[in-house]
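Biologist: I should like to learn how to read a protein model feature by feature. Please give the general idea each time, and then the case at hand.

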Amino acid sequence: MKKTVVCMLIAAMTMGSMVTPVFADGEGDATHIYVLTAPEDHGWTGSVATFAKEKIEEVNDAGTYSAELITSADAAEQIVNIAAGEDNIAVVIQPIDDTVQSAIQQLVDAEIPYVAFDRIIDGVADSAVSNVKGDNEGIGAACAAYYTEQGL
């Protein structure tokens, strides 16, 4: 889990540097990274927010980028929280469901780079800087192989 969150933040920072020059010395505006997830009280998907907060704090402490976590209880709230009207931003989004596709399309239309995490929405997947998700089938097969090797 932690590695996945680190990877998505690294991808967001990388894409942020592709959008605009980053001024670590305060002579300009650094890219602001929005990380949109489910709330922390929302099971496994919510635990992403817990780990993201730690990484966001590290990003902010480093001072090259600024970042913030925005959690949404449902897709309608997440759609409202997608900030397509701002300049010099990047977005990491864990879509709550496929209904956020139109809001992500607004990011694409505004040429705002984004990373999709966990839930990949096919209609906009090709426009993401990166689509980061687990391999549930692979994880299940590896677990089954391990248990079989253990004689279970």
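Modeller: Let us start with exposure: a residue is called buried under 20% relative accessible area, exposed over 50%, and partly exposed in between, using a 1.4 Å probe and protein chains only. This is a predicted model, in which local features need pLDDT of at least 70 and side-chain atom pairs count only at pLDDT 80 or more, while totals for chains, interfaces and linings use all residues. Residues are numbered from 1 along each chain as its sequence is written, and side-chain values use heavy atoms, with hydrogens and water left out.

Biologist: Is Glu111 buried or exposed?

Modeller: Glu111 is exposed, because its relative accessible area is 69%. It sits in the loop between α4 and β4. Glu111 also has a positive phi of about 60 degrees, although it is not a glycine.

Biologist: How many helices and strands does the chain have?

Modeller: Helices (H or I, at least four residues) and strands (E, at least two) are DSSP runs, numbered from the N terminus. The chain has six helices and five strands, in the order α-β-α-β-α-β-α-β-α-β-α from the N terminus on. Of its 152 residues, 37% count as buried.

Biologist: What span should helix α2 have?

Modeller: The expected span of a helix is 1.5 Å times one less than its number of residues. Helix α2 (residues 43-62) has 20 residues and should therefore span 28 Å; its end C-alpha atoms lie 30 Å apart, which agrees. Among the buried residues of α2 are Gly46, Ala52, Ile56 and Val59. Just after α2, Gly63 takes a positive phi of about 80 degrees.

Biologist: What does Ile121 touch, leaving aside its neighbours within four places in sequence?

Modeller: Contact means heavy atoms within 4.5 Å. On that basis, and with those neighbours left aside, Ile121 is in contact with Pro95, Asp97, Asp98, Val100, Gln101 and Ile104. Ile121 and Ile104 are 17 residues apart in sequence, and their C-alpha atoms are 9.3 Å apart in space. Ile121 lies in the loop between β4 and α5, yet it is buried, because its relative accessible area is 4%.

Biologist: Where is Ser72 found?

Modeller: Ser72 is in the loop between β2 (66-71) and α3 (75-81). It counts as buried because its relative accessibility is 0%. Not counting residues up to four places away in sequence, Ser72 touches several residues, including Thr37, Pro39, Glu77 and Ile96.

Biologist: Which residues of the largest nonpolar core touch the most other members?

Modeller: In soluble globular proteins, nonpolar side chains tend to be buried together. A nonpolar core is a set of buried Ala, Val, Leu, Ile, Met, Phe, Trp, Tyr and Cys residues joined through side-chain atoms within 4.5 Å. The largest core has 20 residues, of which Leu36, Ile82, Val91, Ile93, Ile104, Leu107 and Tyr114 touch the most other members. At least two residues of this core come from each of β1 (32-37), β3 (89-93), α4 (101-109) and β4 (114-117). A second, separate core of 13 residues includes Ile33, Ala52, Val115 and Val132.
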